[in-house]
Amino acid sequence: MARDLASKTFWRPTGAAMLVGMAGGLAWLLASGRLQPGLASGVAALAVVTVGVFGLQQRRALLAARRERAEQAEKLRALNLLDAISNSTPDIIFTEDLQGRFTFVNQATCRALGQPAAAVLGREAGAFFSNPDRERIAALNAAVIESGGIVASEGEMTTALGRRWYLCTLGPLREPDGRLSGVFGVVHDITERRRQQEHQRQWAQAFESTRDGVIICDARAHIESVNRAFTEITGYTPDDAIGHTPALLHSGRHDAAFYRELWAGVARSGHWRGEIWNRRKDGEIYPEWLTISAVRDEAGVVTNYVGVFTDITRVKRDEAELQRLANYDPLTELPNRRLLHTRLEHALARAARRGGRLALFYIDLDGFKTVNDSLGHPAGDELLIGITRRFQDRVRAGDTLGRPGGDEFLVIAELLHGPQDAAVLAQDLLAAVARPLALAGGQEVYVTASIGISIFPDDGCSDATAMLRDADAALYRAKEQGRNGFCFFTHELNRQAVAKLETEVALRHALQRGELLLHYQPKVCAASGRIVGAEALLRWQRGDELVPPGRFIPIAEQSSLILDIGAWVIDEACAQQARWQALGLAMPRIAVNVAARQFAAGNLDTVVDEALRRHGVAASSLELEVTESMLVDTPAAGIEMLGRLKETGVRLSLDDFGTGYSSLAYLRQFPIDALKIDKSFVDQIDAGPEGSAIVDAVIALAHRLGLTVVAEGVETAAQQAYLRRQGCDELQGFHLARPMPAHAFEALWAGGEVAVG
Ligand SMILES: Nc1nc2c(ncn2[C@@H]2O[C@H](COP(=O)(O)O[C@H]3[C@@H](O)[C@H](n4cnc5c(=O)[nH]c(N)nc54)O[C@@H]3COP(=O)(O)O)[C@@H](O)[C@H]2O)c(=O)[nH]1
C-alpha cells in the first residue's frame, strides 16, 4: 500500500484495501490521507479529514457491531454450552420468574414433568404437581424469595417418573443490578441413595437388634465388629473382642482337627454350619449353633468372614428334658419301655458280635395291686421305688434295669458263664423283692415277684421284640406255677404264646360275629332227681370246632375282653331264661360263672341288674358262681361286691370250694347261698373213707352255715349214692347229664327229672 500511495496522484482505497484498512484501524486512516499533487493542500486536507472523520465513525460503528456480534456469539456459545451441560446431566435444572413460571427447563425437567419444553415454559411449576408436593414447591420458592439465599431440601415427590426422592437446591436469580428476577433450581434424584441408606439402616438395625450373635471378621479372621447380642451371649464387649480372633471364645471342648475341618469347610463351600461349644467371658461353657460365611469382593477375594450364632443352651436343656421324658419312667427314673427296647436291640447286636450270651428278665410283682388298692397309690409308688433301689443294688453296672410300666420291671443282663448265671440272678432278684418293705406311713408290706427269662442265643430269637415276647410267655408260666418263682422260656412256651395271640384276636371277632353260645348242664336235687337249675357253660363255635371254655377263657381273662364276654354270658343267660319262661318252662334258676377280672371290675351288680331288666326276668332265677380265689386277695372289697350283688336279688354260690386258700373265718361273712364241692374232692369219694372225709366236712360245714351244698363233677353212681346219703343237696356231673345246647335241655326238662340212682 505504501508503494501504491507514492506512485499515484490520487489513491482511493479499493474494496480489498478498504477491508485491509478497516482491519488496520487508525494507521490505515493516516496512511490514506496523503496530499494529491493538483489540489490545494487545504482541500486535500479536508478531504482527508472528511474521509478521516467518516472513516472514524464508520470504524466505531463497525467496531461496536463487531463487538456486539462477538458478544452475541460468545453468549450463544455460552448458552449452547450451558444447554449442552444442562441437558447432559440427569439433574433437573430450571429457572422460574418471580411468579413461579418456568423460564428455562432442561431435558431432565421435561422428563420429570412428562412434557416437552414448549409445554412447560411459561407455566407455573406448581401446575405440574398435586398437593402436598405443590405446597412444598411453593414454600421452597417463597423461602428463596424471602431469604434471597440458597434453600436446600430433601423430600419425596410424585413426578412423571413416579414417587421418588429428590434433593432440591433452589437459589435466587438476580439482574446485573442485583434485583431479584427469579429462582433457579437444581434437583437431584436421590431415590437410589435413599434406598441404599434405608437398606443400610435396616441392616444396621437388624445387626444390632437380632437376637443372634454376629461377629464380622476381616480376611485374617480378626474381629472387626460384633453386635449387641454377641455381648449379651458371650459377655465380651466390642472393646474386648475387636482385634482378637474368635479363638477368644474357644471352650477347649474341640480339638485342633475340629477347627481345621471347620475352616476347610468355609474355604471349600464358602460357609460352615454346625454346633459348637464356646466359652463365655465368665468362663461358662455353652453350646451354640453357628454359621460362618465368607464374604468375597467382585474379584472373588475373601474380604470378610461373618459368623452368626444362637445360644442353644435352653434348646439343649429342653431337648434333654424331652429325651428324659420320652425314655425314662418319671417315678423310678429307670429306662422306660421305649429305651429298654433300644437298649435290648443294642445289647443283642453286641452279644451277637462278640459271641456272648444275654438274658432278659421280665419281672412282675405279685400282690402289688393289693398294696395299691388297700393302702393307696402313694404307698404303691413308694413300694415301686423301694423295689427299684433293691434291684439296682443287685444289677451289675453294665446291665440295664428298666420299668416298662405298672408293676413290671425288666433286666437285661450279660451272662458271663452260661444260663446258670440267669438262675442265680433271678433268685437274687426274687429274694430282694420278698423282704418286707417298710413304708413311710409305718406300714410294712410284703410282696413277691414272678420272673420270666429268655436267653440269647439259646432261645433262638435274635430281635428285641421276639425276646420280650418270649420272656413274657415265660413270666406267664411262672405265674401259673404259683408265683414267687422264675421260669425259663422254652419252644413249647413260644408255640403257646403264638397260639394265645391268635386266639385272642379270633376271640374278639367271635364275640362280634355271634360265634359264642351257651350250653346248659342240669343241677339236680340229690333226693328227688328233679332238675332244680342249670349251669350255663360257654362254648365257642369256631368254624366246625366247638371250643371248650378252658381253651379261651384264660386268654380272655388276660385282657379286658373277659368283661365283654362275661357281660354277654349274663345277658344271654337272662335272655334264655326269658325264652324258656315264654315257652312255659319254669326253670328255677340258671347259674353263670364269673371271672375274677369281671368281679374286680366293680360294676358287676350294674351289669347283672341291667341284664335282668332288659329281659324282664326275676333276679332270683339267676345265680352267680364266684370262686374263693376272687375273694382271697381283697376280702373286704369282695364282701362289699357280694353284698351289692345280693341286693339285686340274685343267688350266689361259692364255686371250687376247698381248692383255694379261703379263710373259714371269712366264709361266714360272705353273703352266699350255696357251696359247690370241687370235683377233685368228689373224685376221691371212690377212694374210701379217707378220700370222702373232705366231702363229708364240707357238707357238714355248709349245713352248719345254713348253705345249700352242691357236688360237681359227679361221674359215677357210687359218688351220686354217697353224696345223697351224706345229705348233699344238689348234684351236677356227667353221670347225671353233660352240658348240652338249650334245645336239648328243653327236651330233658320236659321229662321233669333225671335218673337218681
Ligand atoms: N368265667 C367263665 N368261666 C366259664 C364259663 N363257662 C365255663 N367256664 C369255666 O370254664 C371251665 C371249663 O368249663 P367246661 O369245659 O364247660 O367244664 C364244665 C363242665 O363241663 C365240667 N364238668 C361238669 N361235670 C363234669 C364231670 O362229671 N366230669 C368232668 N370231667 N367235668 C365235668 O366242669 C366245668 C364246670 O365247672 P364249674 O364251673 O366249676 O362248675 C370251668 O372252670 C368253668 O367254670 C363262663 O361263661 N364264664
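Predicted model: local features only at pLDDT ≥ 70, side-chain atom pairs only at ≥ 80, totals over all residues.
Visitor: Which other peptide bond is cis, with omega near 5°?
Guide: Look at the bond from F456 to P457, which is cis with omega near 5°. P457 belongs to the loop between β16 and α17.

Visitor: On which sheet does helix α7 pack, and what is the order of its strands?
Guide: Strands pair if DSSP finds at least two bridges between them. Here five strands form an open sheet in the order β2-β1-β5-β4-β3, with antiparallel pairing. β2 (102-105) and β3 (151-159) are the edge strands, each pairing on one side only. From one strand to the next, the twist averages 25°. Helix α7 (residues 133-147) packs on this sheet, touching β3, β4 (162-174) and β5 (180-189), and its direction makes about 160° with that of β3. Contact means C-beta atoms, placed from the backbone, within 7 Å. Axes are lines fitted to C-alpha atoms, for helices over the stretch in contact, and angles run from 0 to 180 degrees between N-to-C directions. Strand β1 (residues 92-97) joins β2 through three antiparallel bridges, and E96 stands opposite F102 in β2.

Visitor: Why is strand β16 largely enclosed by the rest of the structure?
Guide: A residue is buried if 20 or more other C-beta atoms, placed from the backbone, lie within 10 Å of its own, exposed if 12 or fewer, and partly exposed in between. In β16 (residues 448-456), eight of the nine residues are buried, so the strand is largely enclosed by the rest of the structure. For the protein as a whole, buried residues make up 30% of its 757 residues.

Visitor: Which strands pair with or are joined to β16?
Guide: Strand β11 (residues 357-366) pairs with β16 in the antiparallel sense over nine bridges, and L365 stands opposite A449 in β16. Strand β17 (residues 486-488) runs parallel to β16, joined by three bridges, with I453 opposite F488 in β17. From β16 the chain crosses through helix α17 (residues 464-480) to β17, a left-handed β-α-β crossover. To judge the hand, point the strands away from you: a clockwise path from the first strand over the helix to the second is right-handed.

Visitor: What is phi of R483?
Guide: Phi of R483 is near 65°, a positive value in a residue other than glycine. R483 lies in the loop between α17 and β17. N484, found in the loop between α17 and β17, has a positive phi of about 50° although it is not a glycine. N484 is partly exposed, because 17 other C-beta atoms lie within 10 Å.

Visitor: How many residues surround the ligand?
Guide: A residue is near a molecule if its C-beta atom, placed from the backbone, lies within 6 Å of it. Here 22 residues surround the ligand, and the closest are L537, L538, P549, G733 and F734. β19 gives the largest share of this shell, three residues.

Methods
Residues numbered from 1 in each chain as written. Helix = DSSP H or I, 4+ residues; strand = E, 2+ residues; numbered from the N terminus. Contact = placed C-beta atoms within 7 Å.
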